[in-house]
Amino acid sequence: GAGVYNAYNESVFWGIAEGDTYLANKIARKYIKERTAEFLADPGLARNFYRFKLLGQWNESTFSSQFMTHYFEEPPNGFVESVYYGRLQEVYIKTMNRYVFIIYLGVLVSAGVSLFRERTILQSLPLIAVIGGVLFSILWEAKGRYVFPYMLLLLPYMAQGIFSVQQGAEIAIRKIRNIKR
């Protein structure tokens, strides 16, 4: 996947550079320049690379939990086997997909409502941290598990968004009831 760890740095350091830090840095700088030139020559390639990188992290609802923890000293059985390889795997993934959708939808509603309400900087700090996390994830190795702490910071905004929807529904129901009278 885009931006996923592939041991390139280790293979260069131990393989090509044979542990020579200066040579490994020289090779890395050359590779970065070549990759930057490639992206500049083909902006569509860069756009797709970063799009897939962000989606691979921020839209992976299990936060890489199954991929990063699927190594077992002995074959799993029972509940664990079902979660990783059986019937419960689909249930787990569908549940997490819905959960992350609700988080994002709640945050979107919260953001929309906050356009019309005054906020203090303290109320915005977690969201600022999440924006920083998105920017950081553009540069850092792509793994869904790195996103998980930021998802926790989004939970209050999700709750606020759901509460706003509930308030809006209550207002709409009251207006409908008053019209019928």
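This is a predicted model: local features need pLDDT of at least 70, side-chain atom pairs count only at pLDDT 80 or more; totals for chains, interfaces and linings use all residues.
Local features need pLDDT of at least 70 and side-chain atom pairs pLDDT 80 or more, while totals for chains, interfaces and linings use all residues. Residues are numbered from 1 along each chain as its sequence is written, and side-chain values use heavy atoms, with hydrogens and water left out.

**View 1. Crossing of helix 1 and helix 2.** The axes of helix 1 (residues 8-16) and helix 2 (residues 21-41) cross at roughly 135° and come within 9 Å. Helix 1 is therefore oblique to helix 2 (angles under 35 degrees count as roughly parallel, over 145 as roughly antiparallel, 65 to 115 as roughly perpendicular and the rest as oblique).

**View 2. Residues in contact between helix 1 and helix 2.** Tyr-8, Val-12, Phe-13 and Ile-16 of helix 1 meet Thr-21, Leu-23, Ala-24, Ile-27 and Tyr-31 of helix 2 (contact means heavy atoms within 4.5 Å).

**View 3. The aromatic pair Phe-13 and Trp-14.** Ten aromatic pairs are found in the whole structure (ring centres within 6.5 Å; planes under 30 degrees apart are stacked, over 60 edge-to-face and the rest tilted; the six-membered ring is used for Trp). The ring centres of Phe-13 and Trp-14 lie 4.7 Å apart with planes at 85°, so this pair is edge-to-face. Phe-13 is partly exposed at 23% relative accessible area, whereas Trp-14 is exposed at 59% (buried means under 20%, exposed over 50% and partly exposed in between, with a 1.4 Å probe and protein chains only).

**View 4. The aromatic pair Tyr-84 and Tyr-85.** With ring centres 6.1 Å apart and planes at 45°, Tyr-84 and Tyr-85 form a tilted pair. Tyr-84 is buried at 16% relative accessible area, and Tyr-85 is partly exposed at 48%.

Methods: Axes are lines fitted to C-alpha atoms, for helices over the stretch in contact, and angles run from 0 to 180 degrees between N-to-C directions. Helices (H or I, at least four residues) and strands (E, at least two) are DSSP runs, numbered from the N terminus.
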